[in-house]
Amino acid sequence: MKIIILGAGQVGGTLAENLANEQNDITVIDTDQVRLRELADRIDIKTVYGHGSYPQVMRDAGADDADMLVAVTNSDETNMVACQIAYTLFRTPTKISRIRSNAYLKQPELFKNDAFPIDVLISPEQVVTNYISRLLQYPGALQVLDFADERVQLVAVKAYYGGPLVGQAIHTLKDHLPNIDARVAAVFRRNKAIEPTGDTVIEADDEVFFVAARAHIKKVMNELRRAEDSYKRVMIAGGGNIGYRLAKTLEKDYKMKLIEHDEERARYLSENLTSTVVLLGSATDKALLEEENIENTDVFCALTNDDEVNIMSSLLAKRLGARKVMTLINKAAYVDLVQGGMIDVAISPQQATIGSLLTHVRRGDVVNVHSLRRGAAEAIEAIAHGDSHSSKVVGRRIKDISLPPGTTIGAIVRGEEVIMATSDVVVESNDHVILFVMNKRHISDVERLFQVGLGFF
């Protein structure tokens, strides 16, 4: 595909990297020449210097025959105008825009062809808020992802000594939980992917990804680690867009405290939040954290705009007795550095957002893409179409489908029914197939599996 990306920031850069590795023709537009040079030195893309919403700049970037525009600059207005120009002057088929401000998001009628013709809206702040909310529902989870309208979830957990399944082969999961269907989709051991078979033995410290119906997730988690009490008290550091949205989402279910260092912003937060206690001060202030009984806090979420403040405040909160700490980190290099040490969950906004962007780039009928392990692997939900003549998957048993190396089918959703993917299950037309792809080089092979041959038309 020929794709133009507006904005070479964290999201734009990460997206360009992901897509360029998959043989797409990528052009990135930005007003920061240094950033463009860095990107061009690292990955095989074209760069154009200039203001992304100017028609001539877009023309120079190849907008005349582009398949897609992805506008992810830091300015909502630039993104919206760029989509308008792409539609009016270049008839670009797909226009994706990042919109951060709630003032726009509250008015969905703005994003229609007769106003601003945007096909897909991405709000990174909302994506991250949803991501953290799901993690809080499942104490101990490292990642929780929804598929097929939340009927199925893929959950990553770290296996601990004392978990009933630790030290046992995967096939014994059925003996432990006879009435529950679940499937281990992948295991990462010492940062290396292992393709699981029934005889694979789960070891302590393995990162285990499993698929199950939503109602069964907690029971399966308890097999891999000791059961944890539900979270009740949550403290947020940083009252920016993400901190505010998260507090607003959670305050009806949890006891919330929010620390904000800017007095004017703190006043705004206290006026607009119902039951959240807003504290004016620094998240790295030891005396403040002790005064607010950090040792009784179940989860400390560091969500400021500053990675260093987030990391230091998280380490301090953990040392002072917070049960779990979740830390928002923008710099990719930091994420691998801190996750799994004293910081329980490192959240990368780019990786959380990238999935929703990739969904619209994938060929075949792909309705969901989630980036896993900082982009090393992907979980995909694809819909099977056609019949046994026109499709490479429909009418075939799972064991007869030639899946690319390192790819497993975790589950199939057929209407309301969730079917775990055993080797004899036959894929039918309109099934939602949930796949786990451990090597991103094989993404295009997976897409081709779900593309329908000409016989279908």
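Residues are numbered from 1 along each chain as its sequence is written, and side-chain values use heavy atoms, with hydrogens and water left out. As the model is predicted, local features need pLDDT of at least 70 and side-chain atom pairs count only at pLDDT 80 or more, while totals for chains, interfaces and linings use all residues.

The protein chain is divided into domain 1 (1–121), domain 2 (137–222), domain 3 (231–349) and domain 4 (361–448); these bounds come from an automatic or database domain assignment. The centres of domain 2 and domain 3, taken over C-alpha atoms, are 28 Å apart. Contact between the two (heavy atoms within 4.5 Å) involves 6 residues of domain 2 and 8 residues of domain 3.

The size of an interface is often given as the accessible area lost when the parts come together. For domain 2 and domain 3 the buried area is about 420 Å², 51% of it on carbon and sulfur atoms; the value is the accessible area (1.4 Å probe) that two parts lose on being put together, summed over both. On the side of domain 2 that touches domain 3, the residues comprise 3 nonpolar, 2 polar and 1 charged. In this classification Ala, Val, Leu, Ile, Met, Phe, Trp, Tyr, Cys and Pro are nonpolar, Asp, Glu, Lys and Arg are charged, and the others, Gly among them, are polar. Between domain 2 and domain 3 there are 0 salt bridges, a salt bridge being a side-chain nitrogen of Lys or Arg within 4 Å of a carboxyl oxygen of Asp or Glu. The rule for polar contacts finds 1 residue pair across this interface, both at pLDDT 80 or more. A polar contact is a pair of N or O atoms within 3.5 Å; within protein, one must be able to donate a hydrogen and the other to accept it, and residues adjacent in sequence count only if both atoms are side-chain atoms.

Local features follow. Helices (H or I, at least four residues) and strands (E, at least two) are DSSP runs, numbered from the N terminus. Buried means under 20% relative accessible area, exposed over 50%, and partly exposed in between (1.4 Å probe, protein chains only). Helix 9 (residues 241–250) has 7 of its 10 residues buried, so it is largely enclosed by the rest of the structure; Tyr-244 and Arg-245 are among the buried residues.

Asp-431 lies in the loop between strand 21 (417–420) and strand 22 (432–437) and is buried, at 1% relative accessible area. A polar atom of its side chain lies 2.8 Å from the backbone nitrogen of Glu-428. Asn-430, in that loop, has a positive phi of about 75° although it is not a glycine.
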